[in-house]
Amino acid sequence: MYKLTLIPGDGIGPEIVDAAKNVIAATSVPVNWEIVNAGLEVYEQEGTLIPENVFESLEKNKIALKGPITTPIGKGFQSINVHFRKKYDLYANIRPVKTLPGIKVPFSNIDLVIFRENTEDLYIGIEKMTTPTTAEATKQISEKGSRRIIKAAFEYAKTNNKSKVAVVHKANIMKLTDGLFLACAREVSKEYPQIQLQEVIVDNMCMQLVMNPAQFEVIVTTNLYGDILSDLCAGLVGGLGLVPGANVGNNMAIFEAVHGSAPDIAGKNIANPTAIILSGAMMLEYLGEKNKSDLICKAVKEVIGQRKYITKDLGGNATTTEMSNAIIDHMLTIKNHINA
Ligand code: ATP
């Protein structure tokens, strides 16, 4: 029995997390969920964005599935996601992006994984007014922070038989910060002579991705570029509702969709549950339950491919519940087929 933390989150979070929980239950992987919550609603009730029981649960269970969380806009609130990533040193934000059958997009052959550095760069949150009319932000890149995310990307490439890793940077302008990241990539790549290092400047990367995305297999980059490129790549495969993610450190992993809490569609049972369901599949793979993870991915592909039970963002009319139930039905059919 796995004891795991479940954080429903805000906005569409509770709806899609519930869907993912039901899908995971249908795999028959034994999970005992510890449900704790953080975010705006919790803040309104308890006066704190992240109650102590959330930290306790994460520190005890080490693995969590998390819904999107709204950080109130305004002074004094650090993003909750950034807080978790920094506090637990979840340095690798891993985001697989794949085209799925049945989605009308310009390219049918995208299959790449983004490794976004998760703890440094402009996200360290150091900003100041240097004069009453000038603001400055600190961009921090370290050798340690760069090497470990780059190594994670190369290790992934090696394990998954990928032939190239693209490092994305702007070292021609930010010679010290991005220059260091690029230098680390060149250094680390020497340990992997069988894998080609593609060096791509971030603006060129944007163009390459919208013209010929299939040339990329693994992308590794700093925090802010990774954030922006993830959304761009999500758009290439049909939108934010489809792309899962993992925040992984040496001692903990939190799995969550790339998208935010989508307050514009919250509470209507129309959010696409795919991204969080696939995040759940990534979590099962992390736990060593590869067959069960594959089962979820296969069922998701079939449901989307058939286009009968898909949500509005994908051009359908199904509710969140109908889509996740269809995924569960497909999983049971596949399971029965295997057992027959
Ligand atoms: P954040 O800053 O937390 O990333 P955001 O406000 O930039 O959040 P999202 O909350 O991800 O962005 O929403 C962006 C758009 O994508 C919204 O119009 C939202 O409705 C849509 N969207 C996001 N997730 C989904 C989903 N799972 N299903 C359908 N539409 C979604």
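1. Lys 66, Asn 81, Phe 84, Arg 85, Leu 90, Asn 247, Ile 254 and Glu 256 line the largest cavity. A cavity here is a set of points, on a 1 Å grid over the protein atoms alone, where a 1.4 Å probe fits but cannot get out, and lining residues have an atom within 4 Å of a point.

2. This is a predicted model: local features need pLDDT of at least 70, side-chain atom pairs count only at pLDDT 80 or more, and totals for chains, interfaces and linings use all residues. Residues are numbered from 1 along each chain as its sequence is written, and side-chain values use heavy atoms, with hydrogens and water left out.

3. The count is one cavity of 30 Å³ or more. The volume of the largest cavity is about 30 Å³, taken as the space filled by probe spheres set on the points, which are joined across faces, edges and corners.

4. With three residues, helix 4 (residues 80-87) gives the most to this lining. Helices are DSSP runs (H or I, at least four residues), numbered from the N terminus.

5. Helix 3 (residues 52-61) packs with helix 4 at an angle of about 40°, their axes 13 Å apart. Axes are lines fitted to C-alpha atoms over the stretch in contact, and angles run from 0 to 180 degrees between N-to-C directions.

6. On the helix 3 side, Val 54, Phe 55, Leu 58 and Glu 59 meet His 83, Phe 84 and Lys 87 of helix 4; contact means heavy atoms within 4.5 Å.

Key: On a 1 Å grid over the protein atoms alone, a cavity is a set of points where a 1.4 Å probe fits but cannot get out, and a pocket is an open set with protein on both sides within 12 Å along at least five of seven lines; lining residues have an atom within 4 Å of a point. Helices (H or I, at least four residues) and strands (E, at least two) are DSSP runs, numbered from the N terminus.
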